[in-house]
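I am opening my notebook to look up a few things in this structure. Come and read along with me.

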Amino acid sequence: MSHFVMQERDGMDQPEYDKALPPTIPLPCHDSFLYAEKGSPNTCPFWLRFVSHVQSILSRPISTYEDLKSILFDLRCWDSAPQCEFYALKQLLNNESNQMFVSEVVPSLLRIALELPELFPSHTIMRLRQKHNDTLKLTKKQVLCLAIHIFLGSFETTDPHPVDFFYWLKQMPAFLQSLLTYFHRATHAWDDAHLNLPVCIQRRHLTPEMIPHWESSTLTFDTLDVQAQASGGIALTPEEISMDFANQFIGGGGLCGGRVSARSMCALSSHCI
């Protein structure tokens, strides 16, 4: 099981923006998701439109950056600015290691995206709210399906921050490469048994009495065995590791706009989920 724990404590200087939000988040297949063409007063269920467009895309060959850019704008769940260039995506697709991503990986991603209603029968997902002790249990395939919808721009919420990889596509090639690698591995290397492995995401709210007073502690560390290697990287370490992000903000803050080491670690190791 992959187990992720997010901890927050009383007194953290964070706005409680989710206080008035419902305990669950509707997914793109939920009945409340409606879509209206630009300039039209008429609406239709977003999921019907999404399924129709994906089936049309899968009926024709796709192989280029321009094909993928068209898909990303076509499947977005809201009216976006006029089509722009995804510079980071274009740069990465020119690399030899990513040349088959559009033709081989993207069709698999689209097919998994269509499984959203079956993977989430309630058509919602629990919100991990501030100042609550909650645990969200998913499978790796559920996580993958959600990540695909975020990549496609088909996941819209009422939260103040958009759930989107738009800025990664434009100007964050290092983080975007980790996502492309994750998608390739998930669609070409993972079997059904691996996709059904559990992922546990837990949010813990710490009150003042739960926080240790390190300055007055008399406990000592046991002898630590530290090894240095001249080559390789963290992602190549064969042993299981646990990571504790010592940051006052959960997850180190938003993924776009900074270079906090914890965020870099998560981005470079996105295959962990």
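**Entry 1: helix α1**

I started with helix α1 (residues 46-58), which has 13 residues and reaches 18 Å from its first C-alpha to its last, close to the 18 Å expected at 1.5 Å a residue. Helices (H or I, at least four residues) and strands (E, at least two) are DSSP runs, numbered from the N terminus.

Before going on, I noted what I am looking at: this is a predicted model, where local features need pLDDT of at least 70, side-chain atom pairs count only at pLDDT 80 or more, and totals for chains, interfaces and linings use all residues. Residues are numbered from 1 along each chain as its sequence is written, and side-chain values use heavy atoms, with hydrogens and water left out.

Which residues of α1 are buried? I found Phe 46, Trp 47, Arg 49, Phe 50, Val 54 and Ile 57. Here buried means under 20% relative accessible area, exposed over 50%, and partly exposed in between (1.4 Å probe, protein chains only). Looking down the axis of α1, I saw its buried residues fall within an arc of 155°, so they line one face of the helix. The arc is that of the directions from the helix axis to the C-beta atoms. On the face turned away from the buried side of α1, I found the exposed residues Leu 48 and Gln 55.

What do the buried residues of α1 pack against? My list reads β3 (34-35), β4 (44-45), α2 (65-74), α4 (101-113), α5 and α6 (140-152). A contact means heavy atoms within 4.5 Å.

**Entry 2: salt bridges**

Next I looked for salt bridges (a side-chain nitrogen of Lys or Arg within 4 Å of a carboxyl oxygen of Asp or Glu). How many are there by this rule? The count comes to four.

Asp 74 lies in helix α2 and Arg 49 in helix α1, so the pair ties together parts that are 25 residues apart in sequence. Arg 49 is buried, with a relative accessible area of 10%, while Asp 74, at 26%, counts as partly exposed.

I then checked Lys 69, which forms a salt bridge with Glu 66, the closest N and O atoms being 3.6 Å apart. Both lie in helix α2, three residues apart, about one turn of the helix. I recalled that an α-helix has 3.6 residues a turn, so residues three or four places apart point the same way. Lys 69 is buried at 8% relative accessible area, and Glu 66 is partly exposed at 41%. I also noted a network of salt bridges that links Glu 66, Lys 69 and Glu 85.

Glu 115 forms a salt bridge with Lys 141, and the closest N and O atoms are 2.9 Å apart. This pair links distant parts of the chain, with Glu 115 in the loop between α4 and α5 and Lys 141 in helix α6, 26 residues apart. I have Glu 115 down as partly exposed at 27% and Lys 141 as buried at 17%.

**Entry 3: cysteines**

How many disulfides does the structure hold? I found zero, where a disulfide is a pair of cysteine sulfur atoms within 2.5 Å. For Cys 29, the closest cysteine sulfur is in Cys 145, 8.3 Å away, too far for a bond. Cys 29 is buried at 6% relative accessibility, whereas Cys 44 is partly exposed at 31%. Cys 200 is found in strand β7 (residues 198-206), and I noted it as buried at 5%.

**Entry 4: the chain and its confidence**

I counted 10 helices and seven strands in the chain. Of its 273 residues, 37% count as buried.

My last look was at pLDDT, the predictor's confidence in each residue, from 0 to 100. The chain averages 78, and 68% of the residues score at least 70. Confidence is lowest in helix α10 (residues 261-268), at a mean of 55, and highest in helix α5 (residues 116-119), at 97. Over residues 241-248 the pLDDT stays under 50. My reminder to myself: where pLDDT is low, the predicted coordinates should not be read in detail.

Conventions. The expected span of a helix is 1.5 Å times one less than its number of residues.
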